[in-house]
Amino acid sequence: MVLRASPFPNGFVAGIHAIGWALIVPCFWYLDRVIAVCKSTTKEIRERQETECYLHPLKVFFGSIFFFIFFLLTAPLAFLGFLLWAPLQACRRPFSYHRVEPTSAERETNRGFEQTGKATFTFASANLCLLPDSLARFNNLGHTQQRAYEIGKRIAESVVRPNVIITVESPSSCGPVSPSDSIIPRACSNTDRGLEGPSQPTGDHRSDPTESSASSDDAEEALTEPSSSQLNYNENSNKQGQSDRKSPAVLFSQRTRQQDEEPWEVSPFFPANIDILCLEEVFDKRAAKKLSNALKPLFGHILHDVGVYACQPPCRCSAFKFFNSGLFMASRFPVLEAQYHWFPNSRGEDALAAKGLLSTKVLIGQNQKQKKVVGYFNCTHLHAPEGEGKIRCDQLDMVTRWIGEFQAAHKQPDEEVVFDVLCGDFNFDNCSPDDVLEQNHSLFEEYRDPCRAEAGKEKPWVIGTLLEQPSLYEEDVNSPEMLQRTLVTEEVRKQYISPPVPKQGVPLVYPEPGQPWIGRRIDYILYRETSISKLCRTVRSLLSCFLTLLCSRLTHVPPHSRKWPNKVRVHNILTKLN
């Protein structure tokens with residue numbers, strides 16, 4: 001079964017919807033500019049102070065009047081468009097689907113899986129804060145359209161970057177040498193997914209001739225144990241001759257590995273060969289279109305504009321949704337089934353957006369027995385305000401139930417399931433006393449979080465994903481390379497990563513004596529092994545943490561935000577069918 005592209009049942013309804021939205025857009029844009037012209041980011045304020053520019057009050061005064069006048073002039077057309085647009089939401093499917101023919105790299109990947117029965121899959125999750133520009137500025141971000149274009153461009157460039165093979169003669173030093181001097185071991189393969197003929201790709205969806213594992217988390221990587229004859233792979237051809245050099249990042253990684261035996265990496269590069277990419281906070285439709293245009297040559301299957309609008313449930317005005325869910329999924333594999341549910345218990349500002357759960361079933365290919373090989377991929381974004389853990393726990397209950405219902409409805413007896421992944425922005429961490437309720441939720445008994453040592457305690461190598469909003473434009477964090485250097489030093493990163501949240505009325509004592517300082521990690525990629533095929537097995541799960549920054553080098557495109565940081569967590573799944 002192939003999903004239809006349009007969210008509407010026929011072209012006539014889609015056309016009426018497009019006309020209604022076209023009438024709304026000008027009024028919405030002018031309102032956005034009225035607010036944006038009055039709200040500056042800290043970077044813009046500092047630039048005005050440095051250049052001694054005193055004309056900004058005049059710009060705010062005349063600019064707001066100008067845009068407000070045009071807002072009033074276009075309001076009647078917007079009202080007419082609303083009368084056309086709002087009723088049609090009742091017959092709209094809650095997502096749009098973009099599909100293109102599979103690329104040669106995708107065919108090669110599937111062919112290798114069919115021949116060997118082994119493959120590695122890679123997932124990434126990132127929260128981008130692609131709100132309308134006026135609202136993004138309240139999170140110290142601006143230029144939403146430029147950021148969307150730049151993020152899509154950087155992902156595309158990284159995913160297709162050349163792969164370089166480096167032969168390692170010493171058995172004890174087997175492991176990849178990545179652009180960020182990674183020491184993470186990777187298994188070799190006879191199947192090429194990259195751009196350089198028969199060479200092994202550095203990406204995460206490759207065949208493994210020895211052993212494999214099934215696992216997946218937003219901050220972890222399941223890898224096979226390398227043998228002495230395996231190759232290393234450099235993900236950047238610009239540093240071919242620098243594989244011996246040890247940067248501070250690699251030394252930090254080595255120390256952590258000695259303590260915990262869990263390789264990990266802080267990288268300024270977006271990972272190559274991503275199989276499924278989940279993005280959150282892609283609320284702006286124009287920004288979503290820019291991302292889709294940049295990613296569709298690489299990801300043939302994209303779900304965007306996920307969520308519901310207007311009165312929900314239909315014909316009831318108790319909960320009007322101004323924004324969709326913000327979820328955006330790009331996959332190399334065909335999407336066989338997709339289902340979306342919105343959370344009915346959202347409150348406050350979160351109730352204006354249709355946050356919820358997107359569940360998908362993707363087709364990987366066929367195994368050696370000619371059975372379909374599929375995977376389940378789920379992404380979500382939970383309630384945001386602090387101190388409202390009960391709402392998030394109720395949403396986690398819904399997530400667990402909805403995933404179970406989706407898989408029960410679409411499971412076929414002639415299929416082999418090779419992964420079951422849940423990722424997204426959960427808006428709670430595993431170290432804050434204020435998040436104890438969520439940390440002990442039963443979801444973590446079903447899905448594994450390799451960053452987590454136990455409820456309320458992270459593994460010592462975890463860094464955190466939430467950056468402090470006021471310091472986004474400081475020199476230490478305003479580029480991928482500088483942020484990489486900052487994060488590998490505990491004393492320095494304390495200044496930029498959000499600390500744990502204390503329970504109300506209780507002083508926070510953190511960290512405990514002898515324990516490392518760990519910031520808030522609110523983004524997850526979890527995986528479940530009990531729901532995959534019994535013919536699949538996990539040989540070994542080695543963990544790797546990637547913090548890959550999508551920030552732009554352009555001075556006018558801000559790199560990160562506190563509430564919506566540009567963070568990416570990647571996890572590989574290596575699967576073997578017996």
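β10 and β11 run antiparallel to each other and pair over seven bridges. Strands count as paired when DSSP finds at least two bridges between them. Strands here are DSSP runs (E, at least two residues), helices likewise (H or I, at least four), and both are numbered from the N terminus. In general, strands of a sheet pair through backbone hydrogen bonds, either parallel or antiparallel.

The model is predicted; local features need pLDDT of at least 70, side-chain atom pairs count only at pLDDT 80 or more, and totals for chains, interfaces and linings use all residues. Residues are numbered from 1 along each chain as its sequence is written, and side-chain values use heavy atoms, with hydrogens and water left out.

The open sheet holds five strands in the order β10-β11-β12-β13-β16, with mixed pairing. Its edges are β10 and β16 (523-527), each of which pairs on one side only. From one strand to the next, the twist averages 15°. Helix α9 (residues 389-410) packs on the sheet and touches β10, β11, β12 and β13. Contact means heavy atoms within 4.5 Å. The direction of α9 makes about 35° with that of β11. Axes are lines fitted to C-alpha atoms, for helices over the stretch in contact, and angles run from 0 to 180 degrees between N-to-C directions.

The largest nonpolar core has 37 residues. Such a core is a set of buried Ala, Val, Leu, Ile, Met, Phe, Trp, Tyr and Cys residues joined through side-chain atoms within 4.5 Å. Buried means under 20% relative accessible area, exposed over 50%, and partly exposed in between (1.4 Å probe, protein chains only). Leu-303, Phe-377 and Phe-419 have the most contacts inside the largest core. Strands that each supply at least two of its residues include β2 (118-127), β5 (276-280) and β12 (372-381). Beyond four places in sequence, Leu-303 touches residues including Phe-95, Tyr-97, Phe-328, Val-335 and Leu-358. A second, separate core has 24 residues, among them Ala-136, Val-477, Val-488 and Ile-518.

Helix α12 (residues 480-487) has Pro-480, Leu-483, Gln-484, Thr-486 and Leu-487 buried. These residues lie on the same side of α12, because they cover an arc of only 165° around the axis. The arc is that of the directions from the helix axis to the C-beta atoms.

Salt bridges number 22, counted where a side-chain nitrogen of Lys or Arg is within 4 Å of a carboxyl oxygen of Asp or Glu. Arg-33 meets Asp-133, with the closest N and O atoms 3.2 Å apart. Asp-133 lies in helix α5 (residues 133-136) and Arg-33 in helix α1 (residues 11-36), so the pair ties together parts 100 residues apart in sequence. Arg-33 also bridges to Asp-32 (3.8 Å, N to O). Asp-133 is buried at 10% relative accessible area, and Asp-32 is buried at 8%. Arg-33 is partly exposed at 21%. Arg-528 bridges to Asp-420, with the closest N and O atoms 2.8 Å apart. That pair links the loop between β16 and β17 (536-537) to strand β13, 108 residues apart. Both Arg-528 and Asp-420 are buried. Shared partners join Asp-32, Arg-33, Glu-44, Asp-133 and Arg-137 into one salt-bridge network.
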